[in-house]
Amino acid sequence: PCYWSTADRVLPRVGPERLAASPSIAGGAARPVHGAQAVLWRTGHWDRTGAAHQLLHDGVAGVSETRYLRAVALADRVTGLGCWFGTTHFVVGGDNITDPARRRRILAADLDALDGFLGRLRSTGRPVLFQLDANITPRSSIYPAFRAMLRTHRAVLHGTHGVEYLLTIPAPATTVQVRSAWTIPTARLRTDHEARGVTFRLVSGDAR
């Protein structure tokens, strides 16, 4: 609940910088677990043109809450160019062969679900910008499978490889052209993971 109450308190709700969310801020506050992995955007810059979501995995007591895959299709209000913006959150503690079998099974299923979800987004012909807390470290047992799956989607990772990742996938008509990648360190956040971001623009054509 603290994420939604903080968003409601500090994020712009009026004027050109006003933010919208999917699920909505009110809906997320009412059902914070269901509303997790939300996508937010500036309504003065973007028009929502679609949304996609599906269950990532059911909650398991002592292991994980119920989590989702979410994405929102947004179109630039000036250029009309569109992109999918997505997010998700894998189970923790399942990326190494020495981890508990249940957590490893859930993480493997999470990876398969993301693979299918990215394919679903790509099939629309729009590019993708996706941020996920994968709980997969570069030295883990499942990391090679994670990278191999991303390569099948022509995904490019931006910024530090830690347990979170930020990726872009081009489309035939539009590309997410990343100008720079940046990080907000844990010293500035009340959490154990740094935050990643990119400065980008949408351009016509497949830049790759």
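This is a predicted model: local features need pLDDT of at least 70, side-chain atom pairs count only at pLDDT 80 or more; totals for chains, interfaces and linings use all residues.
Student: Which residues of the largest nonpolar core touch the most other members?

Tutor: The core is a set of buried residues joined through side-chain atoms. Here the largest one has 32 residues, and Phe 90, Phe 130, Leu 132, Ile 136 and Phe 146 touch the most other members. At least two residues each come from several elements, including strand S3 (46-57), helix H4 (143-152) and strand S8 (164-169). Helix H3 gives the largest share, eight residues.

Student: What does Phe 146 touch, leaving out residues up to four places away in sequence?

Tutor: Its partners are Leu 111, Leu 132, Ala 134, Ile 136 and Tyr 165. Another core, of 14 residues, lies apart from the largest one; Ala 20, Trp 41, Val 72 and Phe 85 are among its members.

Student: How many disulfides are there?

Tutor: A disulfide is a covalent bond between the sulfur atoms of two cysteines. The search of the whole structure finds zero.

Student: Are Cys 2 and Cys 83 buried or partly exposed?

Tutor: Buried means under 20% relative accessible area. Cys 83 is buried because its relative accessible area is 0%. Cys 2, at 49%, counts as partly exposed.

Student: Which residues are closest to the centre of the largest pocket?

Tutor: The pocket holds about 2,200 Å³ of space. Of its 49 lining residues, Tyr 3, Ala 38, Leu 40, Thr 87 and Gln 131 are closest to the centre. Helix H1 supplies the largest share of the lining, seven residues.

Student: How do the lining residues of the largest pocket divide?

Tutor: The lining has 27 nonpolar, 12 polar and 10 charged residues.

Terms used:
Residues are numbered from 1 along each chain as its sequence is written. Side-chain values use heavy atoms; hydrogens and water are left out. A nonpolar core is a set of buried Ala, Val, Leu, Ile, Met, Phe, Trp, Tyr and Cys residues joined through side-chain atoms within 4.5 Å. Buried means under 20% relative accessible area, exposed over 50%, partly exposed in between (1.4 Å probe, protein chains only). Helices (H or I, at least four residues) and strands (E, at least two) are DSSP runs, numbered from the N terminus. Contact means heavy atoms within 4.5 Å. A disulfide is a pair of cysteine sulfur atoms within 2.5 Å. On a 1 Å grid over the protein atoms alone, a cavity is a set of points where a 1.4 Å probe fits but cannot get out, and a pocket is an open set with protein on both sides within 12 Å along at least five of seven lines; lining residues have an atom within 4 Å of a point. Grid points are joined across faces, edges and corners, and a volume is the space filled by probe spheres set on the points. Ala, Val, Leu, Ile, Met, Phe, Trp, Tyr, Cys and Pro count as nonpolar, Asp, Glu, Lys and Arg as charged, and the others, Gly among them, as polar.
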